[in-house]
Amino acid sequence: EARGDLAKAKEAAETRENEKSRQEASNAEVEAAWASREDDFRSELAEREASLLTQLSNASDEHQRALEELEAARSQELQVLRAENQRAVEELGEAKRALEELGEAK
């Protein structure tokens, strides 16, 4: 009977050892899967960050070009207004001279 109890105890110990080994293997697999997911997440995050930085740089470049175009248009409009103003001043000068000539002619 003692041999039977010893055999049962040995078998139970082997079963516990096997279960412990399976659990450790399972834990190792889970840890490896989490590590892989973490690596994937970090890679995806780095890609997204690079993409956002590129988009930000492109938007900044577009904004700068738009500002330059706006400044060029403003400068051109200012030149046109100055030229129109100069012509108006010249026309007023001519009208004044014409009025003075009419006044002298009377």
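View 1. The model shown is predicted. Along the principal axes of the protein, the C-alpha trace spans about 155 × 15 × 5 Å. For the radius of gyration, a compact globule of 106 residues would come out near 13 Å, but this protein has 45 Å.

**View 2. Now for the surface, where the protein exposes about 10000 Å².** How many of the 106 residues count as buried? The share is 0%.

**View 3. Next come the charges, 16 positive and 28 negative.**

**View 4. Last, zoom in on Trp34 and its neighbour over the ring, Arg37.** Arg37 lies over the face of Trp34, and the distance to the ring centre is 5.4 Å. As for rings paired with rings, with centres within 6.5 Å as the cut-off, the count of aromatic pairs is 0.

Notes: Residues are numbered from 1 along each chain as its sequence is written. This is a predicted model: local features need pLDDT of at least 70, side-chain atom pairs count only at pLDDT 80 or more; totals for chains, interfaces and linings use all residues. Side-chain values use heavy atoms; hydrogens and water are left out. The radius of gyration is taken over C-alpha atoms; the globule rule is 2.2 Å times the number of residues to the power 0.38. Buried means under 20% relative accessible area, exposed over 50%, partly exposed in between (1.4 Å probe, protein chains only). Accessible areas come from the Shrake-Rupley method with a 1.4 Å probe; for residues, only the protein chains shown count as cover. Lys and Arg count as positive and Asp and Glu as negative; His and the chain ends are not counted. The place of a charge is taken as NZ of Lys, CZ of Arg, CG of Asp or CD of Glu. Rings of Phe, Tyr and Trp (its six-membered ring) pair if their centres lie within 6.5 Å; planes under 30 degrees apart count as stacked, over 60 as edge-to-face and the rest as tilted. A charge sits over a ring if NZ of Lys or CZ of Arg is within 6 Å of the ring centre and within 35 degrees of the ring normal.
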